[in-house]
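Reader: I'm new to this one. Can you walk me through it?
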Amino acid sequence: MIIRLATKHDANEIAKVQVESWNTTYPGIVPQSYLDSLDVKKREKVWGQAAQNQPMFVAELNGEVVGFAIGGENRDKDTYPDFDGELYAIYSYQHVQGQGIGRALFEAAAGNISARGFKKMVVAVLKDNPTVNFYKHMGGYFLGEEVITIDGVEIAESFYGYDNIRKFNTGDDTE
């Protein structure tokens, strides 16, 4: 497995990971109409732009992108003002889960967020996501819940906080 910075040329593979991840993780949680509307080509444009705007990491296994993670400044400082950083997205193909890829991506993204000067990080995850325990396992603690609406259906979203993301920044061992 290789973890590396993504480039705009990875956008198609990143989009495939995201769309497949949603389709394998969220049936019965997210409306099928929304899952059916996910389009790799549309997501490719989004992720290509994202890769140019800030650091995003991909996991490669046997030359194939099998996961990705991206984070930066907290986009919802009104709700969680004590958290300056945020893990925006972390996805991997279902068939590679349990191999340490999620952990490696999480550590790379959190370490990068820390290296960019952020001290604490928040992540939002759909409450019924079957992999929600991953966020706890990585040291996150429950902050609260909000309800979001996807295709007219209200869905609970849980927030987890990480107080010391500096521990993920291998370039800085200071407290």
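Reader: What kind of model is it, and how are residues numbered?
Author: This is a predicted model, where local features need pLDDT of at least 70, side-chain atom pairs count only at pLDDT 80 or more, and totals for chains, interfaces and linings use all residues. Residues are numbered from 1 along each chain as its sequence is written, and side-chain values use heavy atoms, with hydrogens and water left out.

Reader: What is the mean pLDDT of the chain?
Author: It is 94, and 97% of the residues reach 70 or more. pLDDT is the predictor's confidence in each residue, from 0 to 100.

Reader: Where is confidence lowest, and where is it highest?
Author: Lowest in helix H3 (residues 40-53), at a mean of 93. Highest in strand E5 (residues 121-126), at 98.

Reader: How many helices and strands are there?
Author: Five helices and seven strands. Those are DSSP runs, numbered from the N terminus: helices are H or I with at least four residues, strands are E with at least two.

Reader: In what order do they run?
Author: From the N terminus, β-α-α-α-β-β-β-α-β-α-β-β.

Reader: What about the radius of gyration?
Author: The chain has 16 Å, which agrees with the value near 16 Å for a compact globule of 175 residues. The radius is taken over C-alpha atoms, and the globule rule is 2.2 Å times the number of residues to the power 0.38.

Reader: How much of the chain is buried?
Author: 46% of the 175 residues. Buried means under 20% relative accessible area, exposed over 50%, and partly exposed in between (1.4 Å probe, protein chains only).

Reader: Back to H3. Which residues are buried there?
Author: Trp 47, Gly 48, Ala 50 and Ala 51. They cover an arc of only 165° around the axis, so they sit on the same side of H3. That arc is of the directions from the helix axis to the C-beta atoms.

Reader: Which exposed residues does the face turned away carry?
Author: Lys 41, Lys 42, Lys 45 and Asn 53.

Reader: What do the buried residues of H3 pack against?
Author: Helix H1 (11-25) and strands E2 (56-61), E3 (64-73) and E4 (85-92). Contact means heavy atoms within 4.5 Å.

Reader: And what covers the buried residues of H1?
Author: The cover includes helix H2 (32-37), H3, E2, E3 and E4. Among the buried residues of H1 are Ile 14, Trp 22 and Thr 25.

Reader: Tell me about Thr 25. Buried or exposed?
Author: Thr 25 is buried, with a relative accessible area of 16%. Its side chain reaches the backbone oxygen of Ser 21 at 2.8 Å. Leaving aside neighbours within four places in sequence, Thr 25 is in contact with Asn 129 and Pro 130.

Reader: New topic. Where is Asn 74 found?
Author: In the loop between E3 and E4. Asn 74 counts as buried, at 6% relative accessibility.

Reader: Which backbone atoms lie 2.7 Å from a polar atom of its side chain?
Author: For Asn 74, the backbone nitrogen of Asp 76 lies at 2.7 Å. The backbone oxygen of Phe 83 also lies at 2.7 Å.

Reader: What else is Asn 74 in contact with?
Author: Beyond neighbours within four places in sequence, its contacts include Tyr 80, Gly 85 and Val 122.

How values were computed:
A polar contact is a pair of N or O atoms within 3.5 Å; within protein, one must be able to donate a hydrogen and the other to accept it, and residues adjacent in sequence count only if both atoms are side-chain atoms.
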